[in-house]
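Here is a short report on one protein model. Look at the structure first, then read on.

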Amino acid sequence: PSLSLLVPVILRGLHDRKTEIKKRAAKISGNMCALVADPMDLVPHTHRLVPELQRSLTDPSPEVRAVSARAVASLLRGLRRGIKRDADGNIISDPLEATPLKDIVSWMTSTMRNTRTESVERMGGALGLAEALAALQDADKLDELLNEIADEIGEKPLTETREGHLHFLRYASGPLHDILEPRLPLVLPVVLRGLADEMQSVRQVALDAGKVLVEAYATTATDKLLPAIEEG
């Protein structure tokens, strides 16, 4: 019952024009998992809430995008608590499959790569994707994505897609810090290639990504940073 009262208020907050109110609404939506003992109680409300959080992920305000990304990640973690397994460890029931969140990674990936949207929308997709993969602890999906990004270097994807990939690498070092570290030899050549891109917008995003990665790993992964820089 408490969720039935709370969700309409959150939805109104997410639609508000004031950045601070939208941030608070997104933050509260992410904290809803703490209000329920059974994650299945969240499922009916996700059909209204998730589309609004997706919209907030593409908000012009970087603060709203950041809070919304963390809210989606929190919902993913909360719903994963409801996964039931059999004696052999096989999943027999997954609350995510009954919600729009089951497709959220695909939606975020598409948004990050979309060549027909504004840069802020690709940034929101990239940020949300980093947070979602961290929440799901999906190393296989991360490897698949990083290999796709690396393989596309030679194919020269469109400018907007190159920007989206670099935005993801920039954001990933936060929520995916530990899992990304052993994959730096795959990531850094993409950033270095971006620094030499003919498009100034791509070079700028690559520079931002490079700064973030160096700051994140300079003290813990020098052995991975230096060879890539030397080769680049």
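## Terms and basis

Axes are lines fitted to C-alpha atoms, for helices over the stretch in contact, and angles run from 0 to 180 degrees between N-to-C directions. Helices (H or I, at least four residues) and strands (E, at least two) are DSSP runs, numbered from the N terminus.

This is a predicted model: local features need pLDDT of at least 70, side-chain atom pairs count only at pLDDT 80 or more, and totals for chains, interfaces and linings use all residues. Residues are numbered from 1 along each chain as its sequence is written, and side-chain values use heavy atoms, with hydrogens and water left out.

## Overall fold

The protein has 12 helices and 2 strands. Their order along the sequence is α-α-α-α-β-β-α-α-α-α-α-α-α-α. The radius of gyration (taken over C-alpha atoms) is 19 Å, close to the 17 Å that the globule rule gives for 232 residues, so the protein is as compact as a globular protein of that length. That rule is 2.2 Å times the number of residues to the power 0.38. The C-alpha trace spans about 60 × 50 × 30 Å along its principal axes.

## Helix 1 and helix 2

Helix 1 covers residues 2-15 and helix 2 covers residues 19-31. They pack at an angle of about 145°, and their axes are 7 Å apart. The crossing of helix 1 past helix 2 is left-handed: the near helix is turned anticlockwise from the far one by less than a right angle (clockwise would be right-handed).

Contact means heavy atoms within 4.5 Å. Helix 1 brings Leu6, Ile10, Gly13 and Leu14 to it, while helix 2 brings Ile21, Lys22, Ala25, Ala26, Ile28 and Ser29. By class, 7 of these residues are nonpolar, 2 polar and 1 charged. Ala, Val, Leu, Ile, Met, Phe, Trp, Tyr, Cys and Pro count as nonpolar, Asp, Glu, Lys and Arg as charged, and the others, Gly among them, as polar.

## Helix 5 and helix 6

How closely do the axes of helix 5 and helix 6 approach? They come within 7 Å and cross at roughly 150°. The crossing is left-handed. Among the residues that meet are Val105 and Met108 in helix 5, and Gly125 and Leu129 in helix 6. The contact divides into 8 nonpolar, 4 polar and 2 charged residues.

## Helix 7 and helix 10

Helix 7 (residues 139-151) packs against helix 10 (residues 184-195) at an angle of about 35°, with axes 10 Å apart. This crossing is left-handed. Leu146, Asn147, Ile149 and Ala150 of helix 7 touch Leu186, Val187 and Val190 of helix 10. The contact has 6 nonpolar residues, 1 polar and no charged ones.

## Lining of the largest pocket

Helix 4 (62-80), helix 5 and helix 6 each supply at least two residues of the lining of the largest pocket. Helix 5 gives the largest share, 3 residues. The lining divides into 9 nonpolar, 1 polar and 8 charged residues. On a 1 Å grid over the protein atoms alone, a pocket is an open set of points where a 1.4 Å probe fits, with protein on both sides within 12 Å along at least five of seven lines; lining residues have an atom within 4 Å of a point.
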